Amino acid sequence: MFDDADLTDDKFLCGKLTLLQPARGYRAATDPVLLAAACPARAGERVLDIGCGVGAASLCLGARVPGAQLWGLEVQPGYAALARRNAARNGIAMQVHDGDLAQMPAALRMDFDHVIMNPPYYPPAGTRSPVPERARAMQVDLPLGDWVLAGARRLAPGGWLTLICGTDGLPAVLAGMAKLGSIAVLPLAPRAGRTALRIIVQARKGGRGPFRLLAPLVLHAGPAHTGDRESYTPEASAVLRSGSDLLAHFR
């Protein structure tokens with residue numbers, strides 16, 4: 001568990017959310033905000049966030065879609081406790097369960113309309129963070145395909161899986177989607193003309209649509225970072241600052 005003295009209180013969506021996070025360890029940044037913006041949930045639908053961390057993705061989704069029914073699964077008890085605190089302090093209902101996706105808690109063995117996930121995607125052979133909580137959150141222990149399979153098992157027929165990961169994880173993600181269809185991949189390019197480093201992948205259980213590789217979402221304007229200021233494109237800023245959705249990209 002984390003001591004309050006070791007936490008920061010961070011604003012998301014221009015202050016619509018404030019999240020307690022460990023000063024050292026894994027800290028949510030743009031990935032969960034982008035993930036939440038891509039989930040096509042509607043009020044009343046059930047959403048499971050696998051590996052929910054401090055609850056950033058689920059709570060960003062809850063801020064955009066009031067009435068969505070939110071559940072979270074987190075393997076690290078300290079992060080799960082923070083997710084519960086963050087849900088309560090932001091007035092968003094969310095049930096968070098401690099547990100491992102390889103042995104899903106009985107309380108989560110139900111059908112969900114949506115599963116979202118931001119799995120670890122740094123190779124296990126890479127240099128590990130000296131902070132154990134950050135290392136576990138960032139580097140692969142279970143293959144990405146196992147994450148996808150676990151998510152697919154929890155989907156109701158016609159339900160949607162939405163995830164964000166590094167581009168080099170795409171082959172493993174697609175390999176785990178044998179029972180999913182209508183797959184769409186949205187590359188996230190840091191700047192125009194640059195290679196995408198991250199992707200959002202969305203698929204539907206029982207979907208029959210063709211595979212689609214979408215035009216990239218460009219995150220930053222200009223050829224390079226200049227000065228101590230943000231340089232988000234208007235489209236990226238609308239998502240990261242105002243909580244707009246990314247659903248138009250997937251239509």
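View 1. Serine 182 is buried, at a relative accessible area of 18%. Buried means under 20% relative accessible area, exposed over 50%, and partly exposed in between (1.4 Å probe, protein chains only). Serine 182 sits in strand E8 (residues 180-191). Helices (H or I, at least four residues) and strands (E, at least two) are DSSP runs, numbered from the N terminus. Phi of serine 182 is positive, about 50 degrees, although the residue is not a glycine. This is a predicted model: local features need pLDDT of at least 70, side-chain atom pairs count only at pLDDT 80 or more, and totals for chains, interfaces and linings use all residues. Residues are numbered from 1 along each chain as its sequence is written, and side-chain values use heavy atoms, with hydrogens and water left out.

View 2. A disulfide is a pair of cysteine sulfur atoms within 2.5 Å. By this rule the count is zero. For cysteine 14, the nearest cysteine sulfur belongs to cysteine 60, 11 Å away. Cysteine 14 lies in the loop between strand E1 (7-12) and strand E2 (17-22). Its phi is positive, near 55 degrees. Is cysteine 14 buried or exposed? Cysteine 14 counts as exposed because its relative accessibility is 60%. Cysteine 39 counts as buried, at 0%. Its sulfur is 12 Å from that of cysteine 60, the closest one, so the two are too far apart for a bond.

**View 3. The largest nonpolar core.** A nonpolar core is a set of buried Ala, Val, Leu, Ile, Met, Phe, Trp, Tyr and Cys residues joined through side-chain atoms within 4.5 Å. The largest has 49 residues. Leu34, Leu61 and Leu186 are among those with the most contacts inside it. Helix H1 (residues 31-38) gives the most to this core: six residues. A separate core has 29 residues, including Val115, Tyr121, Leu144 and Ile199.

**View 4. Helix H2 and leucine 61.** Seven of the nine residues of helix H2 (residues 56-64) are buried. Among them are Cys60, Leu61 and Gly62. Beyond its neighbours within four places in sequence, leucine 61 is in contact (heavy atoms within 4.5 Å) with Ala36, Cys39, Ala41, Val47 and Leu70.

**View 5. Phenylalanine 211, in a loop.** Phenylalanine 211 lies between strand E9 (198-205) and strand E10 (212-213). It counts as partly exposed because its relative accessible area is 48%.
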